[in-house]
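Here is a short note on helix packing and one backbone detail. Please read it with the coordinates open.

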Amino acid sequence: MRQAFLQPGFTRLYAGLTASMFGDSVMLLVLSMWVKTITGSNAQAGLTFFFMVIPALFAPLMGVWVDRVRRKPLLVWGHVASGIAVLPLVLVHGAGQVWIIWAVAMLYGVSSIVLPAALNGLLKELLPDEMLVDANASLQTTKESFRLFGPLVGALLFTWLGGWAVAVLDALSFFLAAAVIATLAVHEEEPAVDESHFWVQMTAGVRHLAGERVLKHVLIGFALCILVLGFTESAIYALLDAFDKPATYVSAIVSVQGVGAVVGGFTSSWVVRRIGEVAACVAGLGVLAVGILVMGGTHSFVVVCLSAAVFGASLPLIMVAFMTLVQRRTPQAIMGRVSTAVEVAMSTPQAVSLALGSLLVVILSYRSIFMVMAVVTALAAAYIAITLRGQIADDVRRPPADLGAVAAEAPSLLPTTPLEP
C-alpha cells in the first residue's frame, strides 16, 4: 500500500479523507441508536438506514452532474455541504423530532453517493491504474480502522452529552476535510461537453455496466447478497435484546468488527494482486457468509463478537476488489455516471432489504434471519464464481505485476466522445 503514497498529491488527499472518515465512524451508529433510544422501536431504528438509501433513486441524475464538473472542487464543496447537513441534529430532543434524524439520514445518503463518485474520478486523475488497488486498500483500511474506536467515541458522546455533540464533531470533521483537500495541487481539464440527448447521458453508466460482462455479473452477485444483508440493521438490535444487552452495545460489536476489518484491509491489496479482483470478491463473500452464520447460531456473546471480527475481515477485501474493478474497467469520461449507477444497483436491493428487515424482525427470530442471510450470501459468491470462472482462472494464472494492465485491455461499449441521440 505504500506505493500509493509516493504518488504526488495522494498523501494530502488521504489526510483530508481521513478526517471525514473519522467523523463518519463516530456518527456511524448514532443515528439508529438515537432513534432506538427515543422511540424504543427496533423497526424504526432499522428504518433510519432505509431513509439513508432513498437518495440512490436519484443517483443517475447526480452522476450526470458529477461528470460535468471537476472532481477536486466537487469534493471540497461536497464536504462543506455535508458538514452543514448534519447540524440540524442539534435540534433533536425527543421522539417528536425523529423526522429530523431521518431527514439528515437522507442528506447523508446524498453525500455517500456524490463524494465517492467524485473520489473515483480524482483517483484516476492522480494515480496510474496499477496503483489504484493500493490507494483503495489504504483508504479502506483506514476507514475500517476507525471502527476500533469511532463507534465507541460516538456512543460515549451520545451517552454523556447527547446526540448534538456527535453531530457537531461530525460536522467539524467534514469542514476539516474540505480545508485539507482544497490545498491539493492537481491539474484537471474541464470535462468535455456532452451534446447527446439527456437520456443518453443519464443512462450511460447503466449501459456500461450492462455491457461490461465482468462488472455485470459481479454486480448481480453483490445485489443478491445486499438483498439480505440489510436485515442486520434491525436484527442486530433483536440479537442484543436476546442477550439482554442495551442498544449501546452495538458499538462494541462494531468495534470488534473493526479489528477484523483492519486485518482484512492490510491484506486486501496483496490478495487482489495475487488472485485478481473477481476471485477476491468471491473469497470476501465466502468469509462474510461464515461470519454471519456463526453470529446467528452461537449462544455466547463472546462468540458473537468474534464472529463480528470475521464479518469485518471480509468487508475491506470485497470493497477494495470491487472499487478497483470498477475504476479499471470504466473510462474516465463516464466515471461519475458509472459510480452512481453502481450505487443504484446496490442501494435498491439495500432499501428493499432494510424495509423487509424491519418487518422480519417482528415475525422471525434473529437466528432465522441470520441463517437466511448466510445462505443467500453463499449463493451470491457461488453465482460470481460460476459465471466468471474463466476470468478467475485467467487472473490467477496472470503474474501479479500484470494485473494492473487489465484496465487497458478491458472493453467498453460506450465511446468517450459525445453520443448522438
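At what angle do helix α12 and helix α15 pack, and how far apart are their axes?

1. This is a predicted model. Helix α12 covers residues 213-229 and helix α15 covers residues 277-297. The two pack at an angle of about 10°. Their axes lie 11 Å apart. Angles under 35 degrees count as roughly parallel, so α12 and α15 are roughly parallel to each other.

2. Look next at the residues in this contact. From α12 come V214, V218, F222, C225 and L229. They meet V278, C281, L285, L288 and I292 of α15. The contact of α12 with α15 has ten nonpolar residues, no polar and no charged ones.

3. Helix α18 spans residues 366-387. The axes of α12 and α18 come within 8 Å and cross at roughly 175°. With over 145 degrees counted as roughly antiparallel, α12 and α18 are therefore roughly antiparallel to each other. On the α12 side, the contact is made by R213, H217, V218, I220, G221, F222, L224, C225, V228 and L229. On the α18 side, the residues include V372, M373, V376, L379, Y383 and T387. The contact of α12 with α18 divides into 14 nonpolar residues, four polar and one charged.

4. Where is D244 placed? D244 is in the loop between α13 (232-242) and α14 (250-275). Check its backbone: phi of D244 is near 60°, a positive value in a residue other than glycine. D244 is also exposed, with a relative accessible area of 71%.

Technical notes: Residues numbered from 1 in each chain as written. Predicted model: local features only at pLDDT ≥ 70, side-chain atom pairs only at ≥ 80, totals over all residues. Heavy atoms only, no water. Axes fitted to C-alpha atoms, helices over the stretch in contact; angles between N-to-C directions. Helix = DSSP H or I, 4+ residues; strand = E, 2+ residues; numbered from the N terminus. Parallel < 35°, antiparallel > 145°, perpendicular 65-115°, else oblique. Contact = heavy atoms within 4.5 Å. Nonpolar A, V, L, I, M, F, W, Y, C, P; charged D, E, K, R; others polar. Buried < 20%, exposed > 50% of the residue type's maximum accessible area, 1.4 Å probe, protein only.
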